[in-house]
Amino acid sequence: MSAQDQEMARDEAAWCGWQPFKCAARMDAAVLAETLGGGQAFRWRRVKADDVWQGVWGDCVARVRVGRGDALEWSSPDHLTERVAPAIEDYFATDVDFVELASQLPWRTDLVLKERISAWPGLRLLRQPLGETLLAFLCSSAKRIPHIAQMCEKMAARLGELIDGETRALPTWARLAATPESELRACGLGYRARFVRETAEKLADAPGWEKQVLTAPYAEAQAWLATLPGVGPKIADCVLLFGAAKYEAFPVDTWILHAMAERYGLRGWRPGQVAQFGRAHFGPLAGLAQQFLFSGARKDGKAGGKEIEQKHAKVRKGSR
């Protein structure tokens, strides 16, 4: 047995056996990859050739894969299993039947949406810790997914608490409030460092902010988040959709601007107008429709992604 094989065997021995999710969550490997690596979350990575994904959230570390019959399975380090078992069910929102919710979208009269739902069967919206979701999307301005992931990993490595082995959690907002802006810039945040630091200071004076956002109606929650430094409508909607399960949120980024222009004829529309159209057209589950459209647009446009982003950078600049 090679040294690499021996190391892998030791690693496997430290993890619990593969566990089924309580719900019948099913998806193929491509949909799992899009769910975990497509821009909802930024701390998941492939760790093996057989499409095993390892991720970190809160004080949890886990691996997820597609098992027999496209059923999802999870594993965790042995000493974290009791903690991870309930947390991963909440993280994957296994109490929500997304297939049923997708059936409630207007796909019967919207052939574009019908095509996207058919292309991504079983796609789920994650239910991430709200504070972590806010931090990650504060780093997302004008950045691609790999760059956001790098910033998150650098912040965890320099400022986060140890969870397991060399894996660290993202820093708390209290820790960020005590961190000089120069230290955040050293994590690769650039101008976003000021927004993170100022937001951390503001959240320090609002200890009940997470409960307030989680329990408030969508419009009220969005308006409150938009008072934070660096948080505009798109970031607020991402936070609400992926961290607060407010499914009426309709984030509008480069990919959605392109998709709505090309597939729905909304050429020249500003992000705020597109978001309003999305909520009106798709209804209270607009965010789920957005994720299907977003995933489809990314798949269609990966080869020309830079050109698309450059094209719509002018739109974003003109809307400020």
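A residue is called buried here when its relative accessible area is under 20%, as found with a 1.4 Å probe on the protein chains only. The model is a predicted one, and with that cut-off in hand we can turn to helix H14, which spans residues 254-264. Thr254, Trp255, Ile256, Leu257, Ala259, Met260, Ala261 and Tyr264 are buried in H14; because eight of the 11 residues of the helix are buried, H14 is largely enclosed by the rest of the structure. At the start of H14, the backbone nitrogen of Trp255 has a side-chain oxygen of Asp253 within 3.2 Å, while the residue that follows the helix, Gly265, has a positive phi, near 75°.

E4 runs antiparallel to E3, to which five bridges join it, and Val61 of E4 is the bridge partner of Val56. Two residues lie between E3 and E4 in their hairpin, where Gly58 in the turn has a positive phi of about 50°. E4 is also joined by four bridges to strand E5 (residues 72-75), again in an antiparallel arrangement, with Arg63 opposite Ser75 in E5. The hairpin of E4 and E5 has five residues between the strands, and Gly69 takes a positive phi near 65° there.

Val56 also belongs to the lining of the second largest pocket, where Arg45, Gln54, Val56, Glu153 and Thr167 lie nearest the centre. This pocket has a volume of about 360 Å³, and its lining divides into seven nonpolar, four polar and six charged residues. Helix H7 gives the most to that lining, with four residues.

Terms used:
Residues are numbered from 1 along each chain as its sequence is written. This is a predicted model: local features need pLDDT of at least 70, side-chain atom pairs count only at pLDDT 80 or more; totals for chains, interfaces and linings use all residues. Side-chain values use heavy atoms; hydrogens and water are left out. On a 1 Å grid over the protein atoms alone, a cavity is a set of points where a 1.4 Å probe fits but cannot get out, and a pocket is an open set with protein on both sides within 12 Å along at least five of seven lines; lining residues have an atom within 4 Å of a point. Grid points are joined across faces, edges and corners, and a volume is the space filled by probe spheres set on the points. Ala, Val, Leu, Ile, Met, Phe, Trp, Tyr, Cys and Pro count as nonpolar, Asp, Glu, Lys and Arg as charged, and the others, Gly among them, as polar. Buried means under 20% relative accessible area, exposed over 50%, partly exposed in between (1.4 Å probe, protein chains only). A polar contact is a pair of N or O atoms within 3.5 Å; within protein, one must be able to donate a hydrogen and the other to accept it, and residues adjacent in sequence count only if both atoms are side-chain atoms. Two strands pair if DSSP finds at least two bridges between them.
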